[in-house]
Amino acid sequence: MKVTSAKFVAAAQLPSSFPKDKRPEIVFIGRSNVGKSSLINSLLGVKGLARTSSTPGRTQSINFFLINDEFHFVDLPGYGYAKTSKENRRAWGKLIEKYLAEREQLVLSILVVDARHEPSPLDLQMKSWLQHYGIPYLVVSTKADKLSSNERRKSRQRAEQILETERVIPYSSLTREGANHVWGEIRASITR
Ligand SMILES: Nc1nc2c(ncn2[C@@H]2O[C@H](COP(=O)(O)OP(=O)(O)O)[C@@H](O)[C@H]2O)c(=O)[nH]1
Ligand SMILES: [Mg+2]
């Protein structure tokens, strides 16, 4: 897909601040520091749109980006950051659940995992949540550039086994490996 415009539109900490229009939304979900913002930026071919940082757990809002004036990319705050307070975690859960359960224009969710590690119980729980709500999803296994091709194959098999899915796409935000594949899925979900 040719990206002609990409702009930040909202950082929502409450459902009342979600955009009101009905453009289709593609949501990105994953644990803190997994490479979600880098994935968004590399798909769009821009550098600092979705903020990337090595400090995990900083983004606490749901961030909406308008692409080609046609659809939204939605960056959810990451989960699994150990230093987060109980109160924060509860607020996070409520906001995310509200979004996933009620957002009618949500057409695809992209669960982001780290190719170097096995998916965690939280990743599996998130996948079950998506299934429960009947939200189409795919798994993007990022940082693939850090693995040899042999390690990559094993990592993918393992992720597919643990998450019980055949929809794992290896990806690298550095080389953009996997970008065409992911865009194909996004395009299909928008025009469906
Ligand atoms: N080598 C490599 N590093 C990556 C990749 N994606 C993200 N990173 C690095 O991982 C760290 C966390 O990335 P970020 O996008 O901020 O993660 P987020 O917290 O999930 O949004 C940053 O230091 C990125 O530069 C990738 O595909 N390859
Ligand atoms: Mg981020």
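Author: Let's start with a rule: two strands count as paired if DSSP finds at least two bridges between them. Keep in mind that this is a predicted model.

Reader: Fine. Which residue in E5 is the bridge partner of Ile26?

Author: Leu108 is the partner of Ile26 in E5. That bridge belongs to a set of six joining E2 to E5, and the two strands run parallel.

Reader: And how many bridges do E2 and E4 pair over?

Author: Four, again in the parallel sense. On that side, Glu25 sits opposite His72 of E4.

Reader: Are the residues of E2 buried or exposed?

Author: For burial, count neighbours: 20 or more other C-beta atoms within 10 Å makes a residue buried. In E2, six of its six residues pass that test. One side carries Glu25, Val27 and Ile29, the other Ile26, Phe28 and Gly30, and both faces are covered. Over the whole protein chain, buried residues make up 33% of the 192.

Reader: Which residues touch the most other members in the largest nonpolar core?

Author: That core holds 36 residues, and Ile26, Phe28, Val74, Leu111 and Val112 touch the most other members. Several elements supply at least two residues each, among them E2, H1, E4 and helix H5 (179-191). Strand E5 gives the most, with seven residues.

Reader: Say I click on Leu111. What does Leu111 touch, leaving out residues up to four places away in sequence?

Author: You'd find Ile29 and Gly30, then Asp123, Met126 and Lys127, plus Tyr137 and Val139.

Reader: Last one: how do I read the overall fold, and in what order do the elements run from the N terminus?

Author: List the elements, then check the dimensions. The protein chain has five helices and seven strands, in the order β-β-α-β-β-α-β-α-β-α-β-α. Its C-alpha atoms fill a box of roughly 45 × 40 × 30 Å along the principal axes. A compact globule of 192 residues would have a radius of gyration near 16 Å, and the chain has 16 Å, so the two agree.

Conventions
Residues numbered from 1 in each chain as written. Chains lettered and ligands numbered in written order. Predicted model: local features only at pLDDT ≥ 70, side-chain atom pairs only at ≥ 80, totals over all residues. Core = buried A, V, L, I, M, F, W, Y, C linked by C-beta atoms within 7 Å. Buried ≥ 20, exposed ≤ 12 C-beta atoms within 10 Å, placed from the backbone. Contact = placed C-beta atoms within 7 Å. Rg over C-alpha atoms; globule rule 2.2 N^0.38 Å.
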